[in-house]
Amino acid sequence: MKKYFQFLLILSALSVIPFWGNAQCKNFAKKAKIDLLPFIHDGIYNATVLSEGETAELYKTFYSGQQYRIAVVAEETMPKVEFKVMDSKRKVLYSNKEKGFAKTWDFTLESSQQLIIAIQVQTVETLIDEIAKGCVTVLVGFMNEEDKIQK
Amino acid sequence: MNSKCLFFKTLQVFVVIGLVSLFYGCTSETNTNIGEDDKQLTNKIREDSLRVHQIFIALPSPIETAMMLKRAGAQYNEEFLNKLENVNKYSTSKQMALNLGVYSADLSYASLFDQNQTSIKYMAASKKLADKLGILSAIDQSIINRLENNVNNRDSIMQVISETFMNSNSYLKDNQRTQMAAMILAGGWIEGLYLSGQLVKTTKDNKDLITRIIDQKLSLKTLLDLLESENKVQNEDLSTILKDLNEIKIIFDQIKISSGDIEPVTDKKTNVTKLNVKTEVLFKKEDIDKLIAKVDVFRGNIIK
């Protein structure tokens, strides 16, 4: 009887392993919010584990009159991450590759638009045994303009 | 005794299957200590991984919506909020999830207008629903304390509120409860649209507020995409929400928005890029009135 409970205990412990990555990403994303300052994070959690070469896309409507900051942050052990911001026809409006893989981009819009943020983890040029893999988060923040004016 | 034996034998089979599948699951993710042949496999995985896509669909958060309303000239009116005493009426998962979204939007609206005591009360109501939904530690007592300690600092209050949103949606995503997360976001979106409608009705110079309502046509598309992707495994609650939202979409479809090409121009001094784009919007006042009335009914059904 005791053995079965031990088995069940081990099984339950092992079953949480696949979720470790996600839980780690949550803590990572929380720390990464520092890159958004002084912008206020919108509170939406967009983080995942990516390997080198993998891509992810985020679709979001951005509004006129608001100043935004997009921050794409990867774990330190990861290769560089390229992020592109595109319009709904996939015309590239910004690429951080041309800005030394900058982590953030600040922008405003004349009229509200749905934009696509496409991210790709760069591949490592030298062949190594292990594929680089880690958390990548896309954070969106907006400026509290009223406070900025008061300050 | 025999049934006990059968139970343990069955349990043993499941445990063995579980351990074997976990072993395979783990090895497929691990690529350490590989030989020459395996290096080719690694390269193949590397090639395959180039095609892997993950899609995030992000809705405007309640704080973002509240901030837009304030910038559009909105005033604070406590009458518009869902009554606090309603919190005890919600018993099904759908009611609790949608109203957690509703209270989150009300909380954001109140906090942006420095209604600190109201904000604390709405945070407590949100905590109650989050607890009932089993969203562990999304809003704990320390969050309420931090709100109370920062009543005079709006930025800090907004940071605290943003943190609670992130806690709850990350918890739900990490625990594969994405349908629930989508319902909470839907509740928040509807409340944002409801508040906009009430403000349009009670504000004389309401041109900017109407623009904000029209902007929600873009977000509605995002919301429908999100709910439809979550409803691939059919869920009755999501299906009824989708039905109501599609009725709202029919009205939004009467409003025509057309945009030209976006031209980015970066200010070298501030390093802020402006996305210049000319947009034409065609709508009739009746469309806005119909929309406000429809949202009023939908929201009324959510909070009752």
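# Two chains, strand by strand and loop by loop

Trainee: Where is A:Pro38 found?
Mentor: A:Pro38 sits in the loop between α2 (17–32) and β1 of chain A; helices (H or I, at least four residues) and strands (E, at least two) are DSSP runs numbered from the N terminus. This is a predicted model, in which local features need pLDDT of at least 70 and side-chain atom pairs count only at pLDDT 80 or more, while totals for chains, interfaces and linings use all residues. Residues are numbered from 1 along each chain as its sequence is written, and chains are lettered from A and ligands numbered from 1 in the order in which they are written.

Trainee: Which kind of peptide bond joins A:Leu37 and A:Pro38?
Mentor: The bond between A:Leu37 and A:Pro38 is cis, with omega about 5°, whereas most peptide bonds are trans.

Trainee: And what pattern does chain A follow along the sequence?
Mentor: Chain A has three helices and nine strands, and along the sequence they come as α-α-β-β-β-β-β-β-β-β-β-α.

Trainee: Is β9(A) enclosed or open, and why?
Mentor: Strand β9 (residues 133–142) of chain A is largely enclosed by the rest of the structure, because eight of its ten residues are buried, where buried means 20 or more other C-beta atoms within 10 Å of a residue's own, exposed means 12 or fewer, and partly exposed lies in between, with C-beta atoms placed from the backbone.

Trainee: Which strands are joined to β9(A)?
Mentor: Strands pair if DSSP finds at least two bridges between them, and β1 (residues 40–41) of chain A runs antiparallel to β9(A) with two bridges, A:Ile40 standing opposite A:Phe142. Strand β2 (residues 47–51) of chain A is also antiparallel to β9(A), with five bridges, and there A:Val49 has A:Cys135 as its bridge partner. Strand β4 (residues 68–74) of chain A pairs with β9(A) in the antiparallel sense over seven bridges, and A:Ala74 is partnered with A:Val136.

Trainee: What is B:Met183 in contact with, leaving aside its neighbours within four places in sequence?
Mentor: Contact requires C-beta atoms, placed from the backbone, within 7 Å, and by that rule B:Met183 touches B:Lys94, B:Ala97, B:Leu98, B:Asp237, B:Leu238 and B:Ile241.

Trainee: Is B:Asp114 buried or partly exposed, and why?
Mentor: B:Asp114 counts as partly exposed because it has 13 C-beta neighbours inside 10 Å.

Trainee: What about B:Gln176, buried or exposed?
Mentor: B:Gln176 is exposed, with 10 other C-beta atoms within 10 Å. B:Gln176 lies in the loop between α7 (154–174) and α8 (178–202) of chain B, and its phi is positive, about 55°, although it is not a glycine.

Notes:
Two residues are in contact if their C-beta atoms, placed from the backbone, lie within 7 Å.
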